[in-house]
Amino acid sequence: MASLGLVCAMTSGLTLRSGEAHAQASSTGTTEGHAGSSNPQSLHQKSNARNRVRTIRPAPKPVTPTPAGPGTSDLSQASTTDEGFLPASLHDWMKQSTMTGNWGGWRPWLTDKGVNITGHYFQDSAGNPMGGKSQNVRYAHEIGLNFDFDLKKLTGYSIGLFHFIVTSRAGQGLGAKLPALNSPQEIYGSPTVRLSLLSWEMHWNRYVATTVGEINSETDFETWSMYWGMNNYCQFQTNAICGMPQSIAYNSGYGYYPTAHPGAWVKFYPAGNDHYSIQFGVYSADPTIGNTHNGWKLNLHGATGTFLPFQLVWHQGGKDDYSGPLQTNIKIGGYWDTSQVNNVYSQYGLFEIPSNYLVSAPTAKVRGRFGGWFQFDRMIQRDAADSHRGTSFFASFTWGDPRTAVAPYFVDWGLTRKGTFKNRPDDTVSLGMKFLWVNAKISNWVAQLQKDGATGLYRPSGEHAIELNYGWRPTPWLLIRPGAQYIWSTGGTNRYKNPLILDFETGITF
């Protein structure tokens, strides 16, 4: 599994980080569109323990250039051809791996000295022309700066890597207006500049690697794999999929990008290579970290406990996705969260149940939450005539503590075809789905209220969704991705007509 260093590299030029769970907090101190409030408009509007839910990395950026092969276009050979600050021609500019090129030679000079600086802009737009509680259009964006320091190049000593990421987000989410349990947008949030990563990574030898600092568990556990330099989960705009299976974030103290929590992990490679690994982590479980005023919080004040995950990984594949065996990954993991939280009966506000019925809900405190996951992904095929073209697949199952989890069962899967036409080796077509089942305790309690004569109630059951999109990469540093989503039982009930969502994403690597 990729180390945190790979995650940073991904943010810098391979793909935009998903993280958000994506949403950030509003000025009221809650995660906008998600956080706990009296408005049951989003799964993130649960208890404080769930406010951190939107975590995913913004949709992947343009594919990182790779050596040209038969049938590939010039765009796949992106390289800056001009040593000046401006490219020699429009053609050269369109071939660069980043929009700003090599800064007149300063960028490669800094990289050679051990300093890698990159940035990105990413926007999510979405609207529902039909279905949902009302028809709306929403826009949100993220701007990020990433700094990676190779300490060996800087000091002459093999003392690892240092990573620093700062992000800024703004814009509203559509999910609260539908309403939807999982946001159809990867990102949104009140204007906030926040620390997203501050960590020291060390590969001690072939068998042990560690990271410590201000990090988040989304980049390390139950997360994506990389195919052709792309985050395979974030070929989708829906936050139900992008970044990681969303249920783990709102069922536990799992931390999401772009928030940063005090934490550390250690990874062991028993065979001395990446074919097998076992990883353990420890993170602060802090339901307040997503609040707007906590963008630079570096302490444990407000933490409710400790999130303790582990993960076993089996990996097969060549040195890259352009040659050798087709990549395959299997990940099995679980967690224990020591926090004391409210049980699932405290979450009825999510489903627009009148307050006069909520007073009879059997709420109670629960100490410790647990859960687990299984993930599988594989490159299904690689075109014989052009190794830049192929098809990948992923699927996952996530289970949460039935005492506290609103959605104890969650399944998602996705299929991406890279190389849509002979002269478009870096374009993609992606199809994905998510299946979310509401905790049976909630459904049965509402059913009993209906049986006793309660009116105006809709029994929660689940929320399922599908997305289809096309990722157009006119240059290595630009992604333009239109798509469509359809949600069944939006908000987890049949109160509103199923919405059709038209979405549009843009990503730029600076």
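How many helices and strands are there in the chain? The chain has seven helices and 18 strands, taken as DSSP runs numbered from the N terminus, with at least four residues (H or I) for a helix and at least two (E) for a strand. The model is predicted, so local features need pLDDT of at least 70 and side-chain atom pairs count only at pLDDT 80 or more, while totals for chains, interfaces and linings use all residues. Residues are numbered from 1 along each chain as its sequence is written, and side-chain values use heavy atoms, with hydrogens and water left out.

Strand 10 (residues 305-316) pairs with strand 9 (residues 276-285) in the antiparallel sense over eight bridges; pairing requires at least two bridges found by DSSP. Phe307 in strand 10 is the bridge partner of Tyr283. Strand 10 is also joined to strand 11 (residues 328-342) by ten bridges, again antiparallel, and Trp336 in strand 11 is the bridge partner of Leu308.

The whole structure contains 19 aromatic pairs, defined as rings of Phe, Tyr and Trp (its six-membered ring) with centres within 6.5 Å; planes under 30 degrees apart count as stacked, over 60 as edge-to-face and the rest as tilted. The rings of Trp106 and Trp109 are edge-to-face because their planes lie at 80 degrees, with centres 5.5 Å apart. Both residues belong to helix 3 (residues 106-113), three residues apart. Phe370 and Trp399 form a tilted pair, at 5.8 Å between centres and 35 degrees between planes. Phe370 lies in strand 12 (residues 365-382) and Trp399 in strand 13 (residues 390-400), 29 residues apart. Ring pairs also link Phe221, Tyr254, Tyr283, Phe307 and Tyr335 into a cluster.
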